[in-house]
Amino acid sequence: SNQAGTVQIGVPTTAVLPALWSGTPSSWISLAPQPGTNGQVFGASEGSQVGNSVLGHATLWHGSPESAVDLHPVGLPFGSVAYGVSGDQQVGLYAGTSSHALLWRGSAASVVDLHPIGAVNSHAYATDGTLQGGGADFGPNISWHALIWNGSAQNYIDLNPGPGQHSTIFAMAPGQQVGQA
């Protein structure tokens with residue numbers, strides 16, 4: 001599980017329910033918007049939590065099951081998941097025939113597809129509230145490249161350190177990105 005301040009998030013081991021803790025076992029609550037709804041929470045910041053729940057849809061919470069917001073893009077048949085949250089931004093991906101990195105601002109209607117032209121797959125895992133971080137696979141013989149987006153598919157910086165290297169951003173704060181390379 002991830003830790004953000006004094007709130008811990010994750011998946012309890014006895015069930016697959018989206019969960020929120022505040023530092024003690026007795027503080028555990030299920031964020032499932034409906035009883036028995038499976039889900040997971042992957043990110044938390046400033047009183048907001050993100051992950052997935054009903055029907056494998058990306059979900060935003062604000063500390064309670066009643067606050068759940070379905071972020072899944074309307075009309076898309078496959079699942080989505082949100083991994084990162086900061087400020088008014090949530091990031092994640094749509095898992096269709098190819099995955100697409102997505103940015104939301106609190107609702108399904110606000111979704112922005114960050115998938116770069118020429119990419120086969122893309123994922124967004126983190127946001128600092130202004131920029132979005134993750135990576136994209138640009139096809140055969142080209143490895144995953146760490147990317148920072150600035151709100152659109154066309155506005156990104158490729159941070160891959162060199163030819164043949166695989167890199168991805170998994171977390172970020174203003175002016176700093178971390179992941180693998």
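Modeller: What follows is a set of questions on the labels, with the reasoning behind each; the model is a predicted one.

Colleague: What makes the contact between Arg-105 and Asp-88 a salt bridge?

Modeller: The closest N and O atoms of Arg-105 and Asp-88 are 3.8 Å apart, and the cut-off is 4 Å, so the pair qualifies. The structure holds 1 salt bridge.

Colleague: Which parts of the chain does that pair tie together?

Modeller: Arg-105 lies in the loop between β11 and β12, and Asp-88 in the loop between β9 and β10, so the parts tied together are 17 residues apart in sequence.

Colleague: Why is Arg-105 called partly exposed?

Modeller: Its relative accessibility is 42%. Buried means under 20% and exposed means over 50%, so Arg-105 falls in between. Asp-88, with 44%, is partly exposed as well.

Colleague: Why is the pair of Phe-42 and Tyr-83 called tilted?

Modeller: The ring centres of Phe-42 and Tyr-83 are 5.1 Å apart, and the limit for a pair is 6.5 Å. Their planes stand at 50°; stacked needs under 30 degrees and edge-to-face over 60, so tilted is what remains. Phe-42 is in strand β5 and Tyr-83 in strand β9, 41 residues apart.

Colleague: How do you know that Tyr-83 and Tyr-125 are an aromatic pair?

Modeller: Their distance is 5.1 Å centre to centre, against a limit of 6.5 Å, so they pair. With 55° between the planes, this pair is tilted. Tyr-83 lies in strand β9 and Tyr-125 in strand β13, so parts 42 residues apart in sequence are tied together. Phe-42, Tyr-83, Tyr-125 and Phe-170 form one aromatic cluster.

Colleague: Is Tyr-125 buried or exposed?

Modeller: Tyr-125 has 18% relative accessibility, and buried means under 20%, so Tyr-125 counts as buried. Tyr-83, at 25%, counts as partly exposed, and so does Phe-42 at 26%.

Colleague: What makes β5 and β8 edge strands?

Modeller: The open sheet runs in the order β5-β6-β7-β8, with antiparallel pairing. β5 and β8 each have a single partner strand, so one side of each is left without a neighbour in the sheet.

Colleague: How do you know that β6 and β7 pair?

Modeller: Pairing takes at least two bridges, and 5 bridges join β6 to β7, so the two strands pair. At one of these positions, Gln-49 has Trp-61 in β7 as its bridge partner.

Note on methods: Residues numbered from 1 in each chain as written. Predicted model: local features only at pLDDT ≥ 70, side-chain atom pairs only at ≥ 80, totals over all residues. Heavy atoms only, no water. Helix = DSSP H or I, 4+ residues; strand = E, 2+ residues; numbered from the N terminus. Salt bridge = Lys/Arg side-chain N within 4 Å of Asp/Glu carboxyl O. Buried < 20%, exposed > 50% of the residue type's maximum accessible area, 1.4 Å probe, protein only. Phe/Tyr/Trp six-rings, centres within 6.5 Å; stacked < 30°, edge-to-face > 60°.
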